[in-house]
Amino acid sequence: MSRTALLVLADGRFPAGGHAHSGGMEAAVASGTVHDPASLEAFCRGRLHTAGLTAAGLAAAAATGHDPLALDDAADARTPAPALRHVARRLGRQLLRAARATWPCADLDHLAHHRPGGMHQPVVLGVVARAAGLPPPEAAHAAAFDSVSGPATAAVRLLSLDPFDATAVLARLAGECDAVAATAAEAAERVASDGVAALPAVSAPLLDITAEQHAALAVRLFAS
Amino acid sequence: MKAAAQARTAPPAPADQGGAPARRHTPETATPDAEIPAVATGLRATARLRATHNGRTTTVPLLHSDGPFHLRRLRPQGERARVCVLGAMSAPLGGDELELDITAEAQARLEVTTAAATIALRGATPDPATYDVRLTVGEDASLNWLPQPLISTHGSSLHQTYRVDLARTSHVLLREEQLLGRTAEPPGHLSTRLTVTRAGRTILDQQTVYGPRGPAWDGPAVLGGHRATGQLLLVTPGSKARPAPVLLGDRLHGYCVLAPLAEATALLATAVAPTLAGLRRLLSTALTHAVGTKQSV
């Protein structure tokens, strides 16, 4: 594997359109529940251990080579909020577009062919990681980190938070991020014997609720 | 409600009870006449209930009470048979393994409720308790599962699973409500997994982890300080319409969203609220919207 490929994939500047999404942060800031570095950390920690863990499991399973279409269905079953399914498919489509140019391969063409409307982003992330030569735990790592780096970056813009503080939050979550990625990768190893039910399906009620509230807003800075 | 230390003496065996449960007494609560060895292990109990349609109406040929579950027939409502689960003893306590198996066979109409809140308590062992509910609904059958809330008390540890298996033409209405801790009390550890399949395909798979082992569970991404949370699932086959999400509630009373799953025959309401009463109001309003949308239950 190339460790640099992981850095390229997990880099916020990778042109997959993630910068337009706040991962629920805009809604949390609007409701006043995130207002300082401490509440930002609580938000990111909650997202990491719920939606982040679920995404990391899907990414690791896809990176293992399990059927991405079955994993896409599993992602649908794990995403009850229509707004979040829509966002996940849009982000998946954008990631696939960038990845097909970066690491061209038949597997990525296969996804684009079978799900022209876009596939859930964590599943695409796993297939892309595989195309880039990264093993499943690294795919889980990229997904877990993605679940907190997006909201933290968005918080800097939404709250005019000190970027040093936001980065310190990410640094403090590093150990938990590693643990979530390891749990997800371990679960993905069981998919071969136990099916996709072995994958985490942890959800956070407020992320689902606020995603729908946010999608209904006429004026918003971030797409989600 | 009584504390965990209350002796869990089983009530007289209900008349319709099949086999006596393996009764357990903890060392410090064992009654003198206990003939069962005083070992601090959990209680294992499986209650079963099966409704069937005899061509004219719904009957309930199997009603097997066990352990803390005492099943009792209620007066039918129209053509819908009704059964109430009465708590025959304090459960679940740590280490308990409880199962409730409910089947509505083809064309049956069944509603199952519980008489009181289910209270997860610490018990004599630090082991987690498990509470598995299996709901199986046949072709053209309809099942309403409307239990009272589940309350996670300080020091308790419970893993609850819901496994809902639907046929292609099954109707189901499921409500589950959770309260994290009683008044001014932090909750115990409560994890749940809800899996719903329709014609063999998983349409909803969801886990929650609250309490001391759920990192930032009361933070702004998960419950945001709300102590009551719940869901309402309505599956009505045949409806192809994909209704727009309904947003309910406000900052003071909690929030609820009602929206279709990827499988458009299913509507799911997800709610958080400061109190159980507020939660129930939100879910009831969501149900009114859902039924109005689907024109059937």
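Which residues of α10(A) are buried? Keep that in mind for a moment. One caution before the answer: this is a predicted model.

Now the answer. In α10(A), the buried residues are A:C177, A:V180, A:A181, A:A184, A:A185, A:A187 and A:A188. They lie on the same side of α10(A), because the arc they cover around the axis is only 160°. The background is simple. An α-helix has 3.6 residues a turn, so residues three or four places apart point the same way.

What sits over those buried residues? The cover of α10(A) includes α3, α8 and α11 of chain A.

A quick check on the geometry of α10(A), residues 174-189. It has 16 residues, and at 1.5 Å a residue they should span 22 Å. The end C-alpha atoms are 23 Å apart, so the helix agrees with expectation.

Next, the core. The largest nonpolar core holds 155 residues. Which members touch the most others? They are A:A56, A:A59, A:A139 and A:A184. Helix α3 of chain A, residues 37-64, contributes the most to this core, with 15 residues.

Take A:A56. Leaving out residues up to four places away in sequence, it touches A:A140, A:A143, A:A144, A:V180, A:A181 and A:A184. A:V180, A:A181 and A:A184 are among the buried residues of α10(A).

Let's step back to chain A as a whole. It has 12 helices and 0 strands. How does its overall size look? For 224 residues, a compact globule would have a radius of gyration near 17 Å; chain A has 16 Å, so the two agree. Its C-alpha atoms fill a box of roughly 45 × 35 × 35 Å along the principal axes. Of its residues, 58% count as buried. Now take contacts between residues at least 6 apart in sequence. In chain A, 80% of these join residues at least 24 apart.

A:H35 and A:L158 are 123 residues apart along the chain, yet their C-alpha atoms are separated by 9.5 Å. Is A:H35 buried or partly exposed? It has 15 C-beta neighbours inside 10 Å, so it counts as partly exposed.

Over to chain B. Here we have 1 helix and 18 strands. Buried residues are 47% of its 297. For contacts between residues at least 6 apart in sequence, 69% join residues at least 24 apart in chain B.

Look at the strand pairing. Strand β8(B), residues 129-137, pairs with β11(B), residues 157-166, in the parallel sense over 9 bridges. Within β11(B), B:V164 is the bridge partner of B:L135. On to the next pair. β11(B) and β13(B), residues 189-198, are also parallel, over 10 bridges. There, B:S157 has B:H189 in β13(B) as its bridge partner.

Last stop, the interface. How many residues of each chain are in contact? The count is 30 residues of chain B and 33 of chain A. On the chain B side, β14, β17 and β18 each supply at least two residues. The most comes from β14(B), with 8 residues.

That's my tour. Comments are welcome.

Terms used: Residues are numbered from 1 along each chain as its sequence is written. Chains are lettered from A and ligands numbered from 1 in the order in which they are written. This is a predicted model: local features need pLDDT of at least 70, side-chain atom pairs count only at pLDDT 80 or more; totals for chains, interfaces and linings use all residues. A nonpolar core is a set of buried Ala, Val, Leu, Ile, Met, Phe, Trp, Tyr and Cys residues joined through C-beta atoms within 7 Å. A residue is buried if 20 or more other C-beta atoms lie within 10 Å of its own, exposed if 12 or fewer, and partly exposed in between; C-beta atoms are placed from the backbone. Helices (H or I, at least four residues) and strands (E, at least two) are DSSP runs, numbered from the N terminus. Two residues are in contact if their C-beta atoms, placed from the backbone, lie within 7 Å. Two strands pair if DSSP finds at least two bridges between them. The radius of gyration is taken over C-alpha atoms; the globule rule is 2.2 Å times the number of residues to the power 0.38. The expected span of a helix is 1.5 Å times one less than its number of residues. The arc is that of the directions from the helix axis to the C-beta atoms.
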